[in-house]
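Thanks for making time this morning.

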Amino acid sequence: MKPLLGTLYLLGILVPEGLGYDGSLAQPRREVVEETVNPWKSLDTYSYTKYHPMEEIYQWMIQISEKYTGVVTQHFLGMTYEIRPMYYLKISQPSNNPKKIIWMDCGIHAREWIAPAFCQWFVKEILQNYKDNPRIGRFLRNLDFYVLPVLNIDGYIYTWTTDRLWRKSRSSHNNGTCFGTDLNRNFNVAWCSIGASKDCHDLTFCGTGPASEPETKAVSSFVESKKESIVCFLTMHSYGQLILTPYGYTKNKSSNHEELIQVGQKAANALKKKHGTNFRVGSSADILYTTSGASRDWARDIGIPFSYTFELRDNGTYGFVLPAAQIQATCEETMEAVLSVLDDVYEKYWDSDGAGKVTPTAVVLGLLVSFMSVL
Amino acid sequence: MPPRGQPPPASGPGGPRPAVLLLAPLLLLALQGVAAAPAGAGGTEDSPGLQDAELQRGLLQQAARAALHFFNFRAGSPSALRVLAAVLEGRATVNPKKECQVDLVFTTDHYNREDGEERLGKCSARVFFRNQKPRPAVNVTCTRLIEKNKRQQEDYLLYTHMKQLKTPLDVVSIPDSHGHIDPSLRPIWDLAFLGSSYVMWEKTTQFLHYYMAQISSVNQWKTNDDAVDFDYTVLLHEFSTQEIIPCRIHLVWYPGKPLKVKYHCQELQTPEEASGTEEGSAVAPTELNNF
């Protein structure tokens, strides 16, 4: 499997960027790539306070799974439009008990560089601390972490080579006159009904149909296949300093809205304690804007109870082009927020000794079973 | 997930009956829980009152942004730029023509806030949005954040730095992709933000609001006749559409004098291109000691 993936990866970086005419009306914003890619760094010298190009992130994933074999495995999720492999990292301590899953994805929008930076930071923090830190250690007793550091790989690469403010994927439309689908408008939930555009020129273009894009298909078919086990779906974005609950496609609230707000607010408080940064909590339709086809809403509607969008720093001062000097502080505070959510999720389903908690449904089923056995 | 314990099965001939009575309400509870779990478009509709509150909050935010852009432009001071801290209070009223008047009070922060500096200015404003037409009418007054003398001093310092920059400027974009702005180029960013404030004020409506994302090119930078003559292209980020709008801006600035701005934006959505000219406001920025 590995040699095949390696070949596919090589194919991926050989595919030329910007196939065909770039339909954007603005001047193409070409930038000199200042960083030179150094493929043979060791993990010890990997900087989590710098932004990394995709080649380095691919390399990092391999190195992480090699250094932490037994706990980390790298898995293939699917191929992007430009035929690049999508990988996620599974962090899992081997055990006999069935695990629940925490899903985290970053970089569904290409220009939101701080998000993939956070995914890498998160993985590093978990792996460097699960042995000595009981708070993190206990998570791994009953939870597996599935982390997708860059969802929109083609777009991310495009922001490094051509246009730093590109948002969408790099799929070709309208006979090559239009590029990119907004992957966070492409999921199969109230698809393209509101807050999205059917015009391929627009930045909120919803695609040619629900889950029309290979990246969307890759994520949704995988998440769907594991939905019984996934308790938490976190999707990381920037900017705006928000913790968003479902929904964007309606002002109606999910059945567990109160709980989501409570958990979200607690996370925002924990975040603020770190560096004083203010985050607002609310449903997307209430505090941000209406959207349809968003991954967070889709995840909630297939039954994943804790589904959040995080919009990281800042508030517009630098926006998408957040200075690398702020990566550390941003990641530290965001880590506090995510850990807070994980605490709440963990305590909802397990006791501190790791034993499963009785849920109302479990009680009823238990009684039913015992009742049936009497008949 | 297996339940922790299972109650012992009812035994004896009379067993099942009491168990059924126990089970029924529990079953009902479970069914309710199951039905509610995959909440699709389910859930209760927001009360009209709640929706109004959110609408109000949104309009107050928009008004604060428009007022602040206008304030920054009118103050004409790249060293005294402000950002929105929080909206304290306000009221928005919409007339039958869908025009919107907003009266509000908000706090501001220094744009170039140094560490530890926690000075908050306070502003009161009246903003009139003309139903998605540009150029909201703004009346705004703010408490002083920086001493007038200090501000003039800082402006003049910035101006001196600008005069010393070697032309032509060897820059591709500010900041670079990694968000870095060379300290020597910082005055350019501040001045660009000042010019962009004019553009962003004009373009802010009830629904649209902007941020300056990046200076994509510096076309001309002259300081011949004392004033700074700055021609640049800025990328504005419009939040609700997520679009990036390139705007060519030409400004002329001298410390203490009103800012002169000309601009032309490349609109992707509407056929008409937005452009405007302002010879700076003749009205000196009004500041109050106590508010």
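Predicted model: local features only at pLDDT ≥ 70, side-chain atom pairs only at ≥ 80, totals over all residues.

**The annotated site and the helix packing**

UniProt, in an unreviewed entry, places the feature "active site" at A:Glu311; UniProt positions are given in the numbering used here, feature names are shortened, and annotations may be inferred rather than shown by experiment. Residues are numbered from 1 along each chain as its sequence is written, chains are lettered from A and ligands numbered from 1 in the order in which they are written, and side-chain values use heavy atoms, with hydrogens and water left out.

Where does A:Glu311 lie? A:Glu311 is in strand S10 of chain A, residues 306-312, where helices (H or I, at least four residues) and strands (E, at least two) are DSSP runs numbered from the N terminus. A:Glu311 has a relative accessible area of 9% and is therefore buried, a term that means under 20% with a 1.4 Å probe and protein chains only. Leaving aside neighbours within four places in sequence, A:Glu311 has contacts, meaning heavy atoms within 4.5 Å, with residues including A:His237, A:Tyr239, A:Phe279 and A:Leu288.

Stepping back to the chain, the unreviewed UniProt entry gives "domain: Peptidase M14" for residues 50-345 of chain A, and that span is 37% helix and 19% strand, with its end C-alpha atoms 31 Å apart. Chain A as a whole has 11 helices and 10 strands, and 62% of its 375 residues count as buried.

Now to the packing of helix H2 of chain A, residues 54-67, with helix H3 of chain A, residues 114-129: their axes are 12 Å apart and the angle is about 15°, the axes being lines fitted to C-alpha atoms over the stretch in contact, with angles from 0 to 180 degrees between N-to-C directions. H2(A) is therefore roughly parallel to H3(A), since angles under 35 degrees count as roughly parallel, over 145 as roughly antiparallel, 65 to 115 as roughly perpendicular and the rest as oblique. From H2(A), the contact uses A:Ile57, A:Trp60 and A:Ile64, and from H3(A), A:Gln120, A:Val123 and A:Leu127.

H2(A) also meets helix H5 of chain A, residues 153-161, where the axes come within 9 Å and cross at roughly 130°, so H2(A) is oblique to H5(A). Here A:Met54, A:Ile57 and A:Tyr58 of H2(A) contact A:Ile153, A:Tyr156 and A:Ile157 of H5(A).

Conventions:
Buried < 20%, exposed > 50% of the residue type's maximum accessible area, 1.4 Å probe, protein only.
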